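Let's take a walk through this chain together. Keep the sequence and the 3D view side by side as you read.

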Amino acid sequence: MLLLRLFVEFFKIGIVTFGGGQAMLPLLQHSFVTELGWITQERFLYFVSVAEVTPGPVALNMATFIGYELDGVIGSAFATLGVVMPSFLVILAIAHFEKKFKENILYKRFMLGVKPVIVALLINAIYLIVGRGFVGFIPYLMALGSLIVFIFYRKSPLLILLVAGVIGVFVLR
């Protein structure tokens, strides 16, 4: 029963999430931490941190982590299938009807309406990470420094993540 529930919960989140895995984080937090109480806030933030620095989409990484936490490898498989299935079906439909979607005014307006909500969800994800995951002023300085290096010096996000991880090992507790 848990496996089916995992699939359904991730499917529900996957079908309403636009804008990538980061936009999914508030929905995952609400569902699995607040509503269902299946994982703690601290564990959720740990999953977010690891999902952000591991290869692959954040949504897949989060589904795999949460599914594994709840029911091992089979749980991670059901959760991952649940989060992937809506995108797969929607992309399949869009690929099939590509010309109609590209020229459809309702589709264009729908996407214009969705974009501001994506920004709000991303800001909420940042709020969650900062509010519960930052202790002291050093993480704020590292975030600001990383943003400056990324925007003005155009360094690779992977390089920035690796340097920040090393700083975290030696400086943050």
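Start with arginine 154, which sits in the loop between helix H7 (138-152) and helix H8 (157-170). Helices here are DSSP runs (H or I, at least four residues) and strands are E runs of at least two, numbered from the N terminus. What is the phi of arginine 154 near? Phi of this arginine is near 50°, a positive value in a residue other than glycine. For comparison, most residues other than glycine have a negative phi. Arginine 154 counts as exposed because its relative accessibility is 71%, where exposed means over 50% relative accessible area, buried means under 20%, and partly exposed is in between (1.4 Å probe, protein chains only).

A word on where these values come from. This is a predicted model, in which local features need pLDDT of at least 70 and side-chain atom pairs count only at pLDDT 80 or more, while totals for chains, interfaces and linings use all residues. Residues are numbered from 1 along each chain as its sequence is written, and side-chain values use heavy atoms, with hydrogens and water left out.

**The whole chain**

Now zoom out. The chain has eight helices and zero strands, so from the N terminus on you read α-α-α-α-α-α-α-α, going by the DSSP runs. Its C-alpha atoms fill a box of roughly 50 × 45 × 25 Å, taken along the principal axes. Of the 173 residues, 28% count as buried. The accessible surface comes to about 11,400 Å², and 72% of that belongs to carbon and sulfur atoms; the areas come from the Shrake-Rupley method with a 1.4 Å probe, and for residues only the protein chains shown count as cover. Contact means heavy atoms within 4.5 Å. Among contacts between residues at least 6 apart in sequence, 54% join residues at least 24 apart.

**How the helices pack**

Two packed helices are described by the angle between their axes and the distance between the axes. The axes are lines fitted to C-alpha atoms, for helices over the stretch in contact, and the angles run from 0 to 180 degrees between N-to-C directions.

Take helix H1 (residues 2-16) and helix H2 (residues 21-35): they pack at an angle of about 150°, with axes 10 Å apart. On the H1 side, the contact is made by Leu6, Glu9, Phe10, Ile13, Gly14 and Val16, and on the H2 side by Met24, Leu27, Leu28, Ser31 and Phe32. Sorted by class, that gives eight nonpolar, two polar and one charged residues. Nonpolar here covers Ala, Val, Leu, Ile, Met, Phe, Trp, Tyr, Cys and Pro; charged covers Asp, Glu, Lys and Arg; the others, Gly among them, are polar.

H2 also meets H6: their axes come within 7 Å and cross at roughly 65°. Gln22, Ala23, Leu25, Pro26 and Gln29 of H2 touch this partner through Leu121, Leu122, Asn124, Ala125 and Leu128 of H6. This contact has seven nonpolar, three polar and no charged residues.

**The core**

Which residues touch the most other members of the largest nonpolar core? Of its 23 residues, they are Phe10, Leu25, Leu28, Phe32, Phe44 and Met62. Such a core is a set of buried Ala, Val, Leu, Ile, Met, Phe, Trp, Tyr and Cys residues joined through side-chain atoms within 4.5 Å. The elements giving two or more residues to it are H1, H2, helix H3 (41-53) and helix H4 (58-96), and H4 provides the largest share, seven residues. Leaving aside neighbours within four places in sequence, phenylalanine 44 is in contact with Leu25, Leu28, Gln29, Val33, Ile39 and Met62.

**A few residues up close**

Here are some residues in helices, with their cover.

| Residue | Relative accessible area | State |
|---|---|---|
| Serine 31 | 6% | buried |
| Methionine 111 | 25% | partly exposed |
| Tyrosine 107 | 29% | partly exposed |
| Valine 16 | 49% | partly exposed |

Serine 31, in helix H2, touches Glu9, Ile13, Leu36 and Gly37, not counting residues up to four places away in sequence. Methionine 111 has its place in helix H6 (residues 105-133), and its C-alpha atom is separated by 28 Å from that of proline 157, 46 residues apart along the chain. Valine 16 belongs to helix H1; between this valine and asparagine 104 there are 20 Å, C-alpha to C-alpha, and they are 88 residues apart in sequence.
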